[in-house]
Amino acid sequence: MNDKSLISGYTELVGLMAYPIRHSNSPAMQNEAFREAGIDCIQLAFEVDNSKLKEAVEAIRALRMRGANVSMPNKTVVGKYLDQLSWEAELTGSVNTIVNADGVLTGYCTDGIGYMAALKDKGIDLKEQKMTIVGAGGAATAIQIQAALDGVGEISIFNVKDKFFEVGEETVAKINAHTHCKAAIYDLADHDTLRKEIAESCLLANATGLGMKPYEGVTWLPDMSYLRSDLIVTDTVYAPRMTKFLEMAREAGCRYMNGHGMMLFQGAEAFRLWTGKTMNIAHMKKYLDID
Ligand code: NAD
């Protein structure tokens, strides 16, 4: 009984509540981070959907868990069971991290924080700059709200005219009402405006699922002429590591970043919220085999 990684009567617990969830790499990442930092805590995944979410949240309090991660379909629902929300969680309408402080449960949204931290890690600062982002779903909204809160000057959002377009319109209204950032949304089918907005932006982001299964090898970017070598190009997708979109960026000579950084740094922020400690990023990059 001399291995620190053994679970004892003192070991604390954070959950991960989502359905489906068995495929997630969050427990592997958080458990390695706890082990590396010498923190006697583990993360376990629980298959929970909306129907048992209220009871699952109550269990955080009853079992005095440190908190939990939350993923779909619970991210947009769990807020109503918590005592308070951080400002970014309130604006995005989404919670991916719960912290239990002596029975008081606070919800945070670290996805956008993770994206912005991943950019910072690559030496990219978007303060006062303009970005164009395609997508208006969960990942896109978190990025858009956080970018606005972090001082990005202008955000142009493009989306197809599906149910998410309305979500994008609501995000634009929130950003314009509550931050100094100027936001607008356009139809992704409007290629003239897409070209103009990209030309004026220093960063172009994909926050749709195009590029990952079942859309491998697919992108909404019409052709290479929309890119220029000083444009920074990012994708929220990380499996595959190189999407069609990022391949085009590489060919155009752009700096590019896939979704691994966002995934790592959203977890690092959750780790910091639970433990007050900074995740060892260099170690975790090696462990996860990402750059
Ligand atoms: P979502 O379902 O909430 O949103 C999907 C978005 O894709 C919407 O904007 C929708 O309009 C758009 N879309 C769907 N079909 C399209 C099409 N044919 N053409 C153009 N746009 C289309 O999904 P989400 O949770 O926001 O996830 C989006 C992507 O981000 C996924 O690939 C997901 O894996 C990734 N993601 C990555 C991280 C990370 O940490 N790197 C975190 C969350 C999500």
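The crossing of α4 and α5 is right-handed, meaning that the near helix is turned clockwise from the far one by less than a right angle. Helix α4 (residues 111-121) packs against helix α5 (residues 138-149) at an angle of about 65°, and their axes are 7 Å apart. Axes are lines fitted to C-alpha atoms, for helices over the stretch in contact, and angles run from 0 to 180 degrees between N-to-C directions. Helices (H or I, at least four residues) and strands (E, at least two) are DSSP runs, numbered from the N terminus.

The model is predicted: local features need pLDDT of at least 70, side-chain atom pairs count only at pLDDT 80 or more, and totals for chains, interfaces and linings use all residues. Residues are numbered from 1 along each chain as its sequence is written, and side-chain values use heavy atoms, without hydrogens and water.

The residues in contact (heavy atoms within 4.5 Å) are as follows.

| Helix | Residues in the contact |
|---|---|
| α4 (partner α5) | D111, G112, I113, Y115, M116 |
| α5 (partner α4) | A142, I143, Q146, A147 |

By class, this contact has six nonpolar, two polar and one charged residues. Ala, Val, Leu, Ile, Met, Phe, Trp, Tyr, Cys and Pro count as nonpolar, Asp, Glu, Lys and Arg as charged, and the others, Gly among them, as polar.

Elsewhere, six strands form an open, parallel sheet in the order β9-β8-β7-β10-β11-β12; strands pair if DSSP finds at least two bridges between them. Because β9 (182-187) and β12 (255-257) each have a single partner strand, one side of each lacks a neighbour in the sheet. Three bridges join β11 (residues 232-235) to β12, and V233 stands opposite Y256 in β12. Helix α6 (residues 164-178) lies across β8 (154-159) and β9, running at about 165° to β9.
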